[in-house]
Amino acid sequence: MTTKYLFFTGGVVSSVGKGVTAAAMGLLLKERGFNVAVQKLDPYINVDPGTMSPYQHGEVYVLDDGAETDLDLGHYERFIDNRLTRVSNFTTGQVYAETIAKERRGDFLGGTIQVIPHITNEIKRRIGLAAKETGAEIMILEVGGTVGDIESQPFLEALRQLRNEVGRENCLFVHVTWLPTIGATGEIKTKPTQHSVAALRSIGISPNIIIARADQDVDKGLCEKIALFCDVEKDSVIPMKTADVLYEVPLLLEKLGVGELVLGKLGLEARRKPNMRPWKKLVDDVRKPKPTVKVALVGKYVELQDAYMSVREALKHAALANGVEVEINWVHSADLEKDKGWDIVKKSDAVLVPGGFGSRGIEGKVMAARFARENKVPYLGLCLGMQVMCIDFARHVLDLEEANSSEFDRGTEHPVIDLMIDQRSITDMGGTMRLGLYPCLLQKGTKAATVYGVAKVDERHRHRFEFNNSYRADFEKRGMIFSGLSPDNRLVEIVELADHPYMVASQFHPEFLSRPMRPHPLFVGLLKAAKERAKK
């Protein structure tokens, strides 16, 4: 069949929930028997988010093939449960880099390079490439940012052209917008939505469906008003009240008949009846009263919780599997260095130290690892969280006082964490790490092997520094177990402590492979240990 395209644009403000809505829509269409692929078009000029501060952009989500992408791809994978590749995300930076490289090679035969047609052609080429590589019957495309942003204009222009090239009957524009409430009167306002649709129409795009997001119920009268002023059919304005459970969004869309509406507008019929029962059970389980387990998340970017989006979701998935409610207490690692925030850590049933880069707040993370080790508090370290666990062990168990990572102290006498040999000559920051899926062999009888229940796993990585093997024997003598290793035995993947209820840490990022219905074993193990501690 001809590929059908579903374009998602955002209106009024950013972070309006486009990504979650697009992901939920993908699930509804997949449930109806269609092969769905998703692509995020990011208008910023960075080549990828890999070098961007988490404060600017939230977490960097890593795919199997090592692509560093937008956090919305995490929503796509968690909802639709498709393993995505680098064709699923591209940026203005990549589009311009490719176009300029072609011009330098002389591919344009001396022509003047312009936004139209050269930049828009490159955007369309990348969309076509994703459709071809994934064999998608329905392509869902989300344009980052908000309509009216100067950066997103070339993307919207490319989509306008694409609609004519593939045929209007094969395209659908879905505009996700925000309805603000005026505090004094409690009145919901549609005017910003009218303006954002007017901006969209001024560049030649009329939305087919408007999803109107609000923090309270949107009545039928408001939907009819939006339909009238924005020139869409009444049944094509979908009111979407903010859900208190993220995974309820597909159920709300299903209840509002959005799946059938989209198929009808694309001239398609469902191949099977969607089975939303697992999602309904999931949401019901979330809502059930459960005992609470407290996890102290000791991070460097805790002011913006989106920086740890996948970690937060993985904890929620694992909590459900253990029949508990997880209360995440956010602790800034730099505060621990100033003797602040310890009351939160001490009251918690588990400590989790996630990844990060740079030396700020590192000593606080080392202190958190030491606290968990000495007080037998369940601990899970992710990437940098594994490295600080090793630094603490070297300093306070092996008495190597100056032990550190050469990332934070180049002249350290004991670099227990060091650069990989093949990384030492690299000076560029972008894309120079061990990125993507790598195999890990689990050692029999260890906690890691027990929670996984298999002998070999593949996990996603994003780091430049590794455990220094010249310290391996010393660590093992004092009770550190290297429970996960690369097949050639050269790289340490998982470490754990022998005499501890659960002190496990991985060099990879397990949070990227956790799914609502398939929580990640390392997180399940952490919350199981935390639950047992809470009972005591």
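## Accessibility and the model

Buried here means under 20% relative accessible area, exposed means over 50%, and partly exposed is in between (1.4 Å probe, protein chains only). At 32% relative accessibility, Tyr96 therefore counts as partly exposed.

The model is predicted, so local features need pLDDT of at least 70 and side-chain atom pairs count only at pLDDT 80 or more, while totals for chains, interfaces and linings use all residues. Residues are numbered from 1 along each chain as its sequence is written, and side-chain values use heavy atoms, with hydrogens and water left out.

Tyr96 sits in helix α4; helices are DSSP runs of H or I with at least four residues, numbered from the N terminus. Together with Ile100, Val115 and Ile116, Tyr96 makes a nonpolar surface patch of about 340 Å². Two elements, α4 (92–105) and α5 (115–134), each give two or more residues to this patch.

For the patch, residues need over 30% relative accessible area and no salt bridge, and nonpolar side chains (Val, Leu, Ile, Met, Phe, Trp, Tyr) are joined within 5 Å. A salt bridge is a side-chain nitrogen of Lys or Arg within 4 Å of a carboxyl oxygen of Asp or Glu. Areas come from the Shrake-Rupley method with a 1.4 Å probe, and for residues only the protein chains shown count as cover.

## Two nonpolar cores

Now to the interior. A nonpolar core is a set of buried Ala, Val, Leu, Ile, Met, Phe, Trp, Tyr and Cys residues joined through side-chain atoms within 4.5 Å. The largest one has 51 residues, and Leu6, Leu29, Ile211 and Val262 touch the most other members. Helix α1 (residues 18–31) is the top contributor, with eight residues. A second, separate core has 43 residues, including Val298, Val331, Ala368 and Tyr471.

Contact means heavy atoms within 4.5 Å. Beyond its neighbours within four places in sequence, Ile211 has contacts that include Thr21, Met25, Val174, Ile238 and Leu253.

Glu254 belongs to helix α9 (residues 249–255) and, at 23% relative accessibility, counts as partly exposed. Leaving aside neighbours within four places in sequence, Glu254 is in contact with Leu28, Arg32, Pro274 and Met276. With Arg32 there is also a side-chain to side-chain polar contact at 3.0 Å (a pair of N or O atoms within 3.5 Å; within protein, one must be able to donate a hydrogen and the other to accept it, and residues adjacent in sequence count only if both atoms are side-chain atoms).

Arg312, in helix α12 (residues 309–321), counts as buried at 16% relative accessibility. Outside four places in sequence, Arg312 is in contact with Gln305, Asp306, Ile328 and Trp330.

Conventions. Patches are made of residues with over 30% relative accessible area and no salt bridge: like charges are joined within 9 Å, nonpolar side chains (Val, Leu, Ile, Met, Phe, Trp, Tyr) within 5 Å.
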